[in-house]
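Hi,

Here is the structure I said I would pass on.

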Amino acid sequence: MSPQELRERRQKLGMSQTELAQLLGYTRNGLAKLEAGRAPIKPALDFATRYLLEHPEACGGSADRDRARASRSISASPACWR
């Protein structure tokens with residue numbers, strides 16, 4: 001996988017560098033280096049990102065995050081709004 005492919009996969013997942021890095025056990029700086037081509041991309045990272053694209057529910061894909069944000073907004077709203 002190329003650095004560009006890694007960046008494209010992250011963007012397809014709708015995740016920031018920080019979010020994907022935390023999910024995969026990297027730092028944001030570490031992931032940025034991988035996306036910039038300044039560090040080698042290991043086959044396990046290729047597999048993990050491909051898996052997440054095929055199973056976005058495993059990482060709380062953008063639709064899941066949107067639902068979670070909406071539920072937090074509702075639960076944080078005054079009781080009379082519910």
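**Notes on helix α3 and its surroundings**

In helix α3 (residues 28-36), the buried residues are Leu31, Ala32, Leu34 and Glu35. They line one face of the helix, because down the axis of α3 they fall within an arc of 160 degrees, the arc being that of the directions from the helix axis to the C-beta atoms. Buried here means under 20% relative accessible area, with exposed over 50% and partly exposed in between (1.4 Å probe, protein chains only). Helices (H or I, at least four residues) and strands (E, at least two) are DSSP runs, numbered from the N terminus.

Before going further: this is a predicted model, so local features need pLDDT of at least 70 and side-chain atom pairs count only at pLDDT 80 or more, while totals for chains, interfaces and linings use all residues. Residues are numbered from 1 along each chain as its sequence is written, and side-chain values use heavy atoms, with hydrogens and water left out.

Back to α3: the cover over its buried residues includes α1 (3-12), α2 (17-24) and α4 (43-54). After the helix comes Gly37, with a positive phi near 80 degrees. Ala32 is buried at a relative accessible area of 19%, and its C-alpha atom lies 7.0 Å from that of Gln17, 15 residues apart along the chain.

Arg10, in helix α1, is worth a click too. Its relative accessible area is 10%, so Arg10 counts as buried. Leaving out residues up to four places away in sequence, Arg10 touches Met15, Ser16, Gln17, Leu20, Leu31 and Glu35 (contact means heavy atoms within 4.5 Å).

The largest nonpolar core has ten residues: Leu6, Leu13, Met15, Leu20, Ala21, Leu31, Leu34, Leu45, Leu52 and Cys59. Two or more of these come from each of α2, α3 and α4. A nonpolar core is a set of buried Ala, Val, Leu, Ile, Met, Phe, Trp, Tyr and Cys residues joined through side-chain atoms within 4.5 Å.

On confidence, the protein chain averages a pLDDT (the predictor's confidence in each residue, from 0 to 100) of 78, and 72% of the residues score at least 70. Helix α3 is highest at a mean of 97, and helix α5 (residues 62-76) lowest at 43. Over residues 67-82 the pLDDT is below 50, and this stretch has five contacts in the model beyond near neighbours in sequence. Where pLDDT is low, the predicted coordinates should not be read in detail.

Cheers
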